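Thanks, everyone, for making the time. I would like to walk through one structure with you, taking a pocket, a sheet and some aromatic rings in turn.

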Amino acid sequence: MGRKIRLLILDDEALFLETLARIFGREGFEVTTTSVGSAAIQHIERNPVDVVLADVVMPGMDGLTFLEHVRSRPDPPEVVMLTAHATVETAVRAMKAGAYDYLQKPARVEEIEKVVQRAYEHRRLMLENRRLARMLDRVDPYRDLVGDSPKIRELRELIERVAPTETTVLITGESGTGKELVARKIHAASPRADGPFLAVNCGSLRPELLENELFGHVAGAFTGATRSAAGLFEEADGGTLLIDEIGEMELGIQPSLLRVLETGEFKRLGQPKPRRTNARVLAATNRDLARDVEAGRFRRDLFYRLNVFTIHVPPLRERREDIPALAEHFLRWLEPERPEPRRLTPRALEALRAHDWPGNVRELRNAIERGLIMARGDTIDVGDLPPLRPGSAAPAPEAPRRPAPPAVREGAGDGEFLPLAELEARQIREALERTGGNKTAAARLLGISLRSLYTKLARHGIESTPGT
């Protein structure tokens, strides 16, 4: 096996804990036991754990709440739930929340051992897949930058030059061109490839939430902050942090970001003592930051600090020769189970080449996906694609800054704008409904962190639903 399987058992029955610890210890496991959910979480935060056996019904933090905390962590252990009060609803909630398996007490020791072993094998294979993916990134970190046009070759060369350095990189380009992909390739080709790659979108969070997301907070820093939480600069230590849509960052946060870039120091909200981070910062924007500086919307000193090395990602209309290769890439990627990908007819391919693609590569991917849905056979024709007109689109405009929430007027009738808070609440409810109440999956669907989702749930008064 190479090393002992690290097993954590969480249960409020002392005899059950003692019995399982003795049995698994004889089998060569490294066993830790506790009867307190918060203690189990602290152990997982400080020590590597492969598999957790957790009771569902416990005093204090129940097993499903514990499961949700564990599965929201990066690289979480596999969790097997145990309960003497099994119901179909509880089992469904546990599996939706990310449990590997679910056993009813009293379970035979042999059955528990088999499930724990399978859970460990599943986790081992997942880690091995990630390791192989990282190795593949090192061998060919540009494999998803599809195309061989002069602009793409130049882009690859710039990534190759800047990746081994510690330089801050500003990635510019229109929406949908693949700026985050470029950032991930810089990380994958850098000495930090084994460290975390984290990203935050400045356009999706209110200023106070963005500040908390970046720098973290201490207990008591604001209403509802019952415990301290690390921010992305801490979590990305030793790795790379992408600050996307940085042109949307409010002026009030920019001095704190500048300080991190210049000194490596930052402060959690509510904490006077500075902390240090060794995160490499990449920034991306579809705005003209130089023009924003002149307009007073972006700090000049921060712009100069970010603009050390700039990589511009070209729009698709400037590299039309890459469209056939991109289309074939998406045909394979969207239907990986097919031994041979479906093909585009010459007429369809010509229509793709002629379109101006205001939504860039993202729009092309969506067009190919529609074609796959609409096509009845092995070929995709023009009629299967969305409407495409030669030269129909002008270059994509600069993304507008986020407007302030509209005022709510009494007696507002049909046709009035909804307040942004209400729109946000609706989106959150819809995401929870689509994911069956799984907050981790809902946060991923909304493009925000789980911590941000919890903050929004509390602000909008949205109660937990079954499956959360």
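How much space lies in the second largest pocket? The volume comes to about 880 Å³, where volume is the space filled by probe spheres set on grid points joined across faces, edges and corners. By pocket I mean, on a 1 Å grid over the protein atoms alone, an open set of points where a 1.4 Å probe fits, with protein on both sides within 12 Å along at least five of seven lines, and lining residues have an atom within 4 Å of a point.

Before going on, please keep in mind that this is a predicted model, in which local features need pLDDT of at least 70 and side-chain atom pairs count only at pLDDT 80 or more, while totals for chains, interfaces and linings use all residues. Residues are numbered from 1 along each chain as its sequence is written, and side-chain values use heavy atoms, with hydrogens and water left out.

Back at the pocket, 30 residues line it, and the closest to its centre are Gly178, Lys179, Glu180, Leu181 and Arg362. Helices α6 (150–162), α7 (179–188), α13 (323–334) and α15 (360–374) each contribute at least two lining residues, and the largest share, five residues, comes from α7. Helices here are DSSP runs of H or I with at least four residues, strands are runs of E with at least two, and both are numbered from the N terminus.

Turning to the sheet, five strands form an open, parallel arrangement in the order β2-β1-β3-β4-β5, two strands being paired if DSSP finds at least two bridges between them. Because β2 (30–34) and β5 (101–104) stand at the edges with a single partner strand each, one side of each is left without a neighbour in the sheet. Strand β4 (residues 78–83) is joined to β5 by four bridges, and Val80 stands opposite Asp101 in β5.

Finally, the aromatic rings: the whole structure holds five aromatic pairs, a pair being rings of Phe, Tyr or Trp (its six-membered ring) with centres within 6.5 Å, stacked if the planes are under 30 degrees apart, edge-to-face if over 60 and tilted otherwise. Phe215 and Phe266 are stacked, at 6.3 Å centre to centre with 25° between the planes. Since Phe215 lies in helix α8 (residues 207–215) and Phe266 in strand β11 (residues 265–266), the pair ties together parts that are 51 residues apart in sequence. Phe215 is buried at 3% relative accessible area, as is Phe266 at 2%, buried meaning under 20% with a 1.4 Å probe and protein chains only. Together with Phe233, Phe215 and Phe266 form one aromatic cluster.

Definitions and conventions:
Buried < 20%, exposed > 50% of the residue type's maximum accessible area, 1.4 Å probe, protein only.
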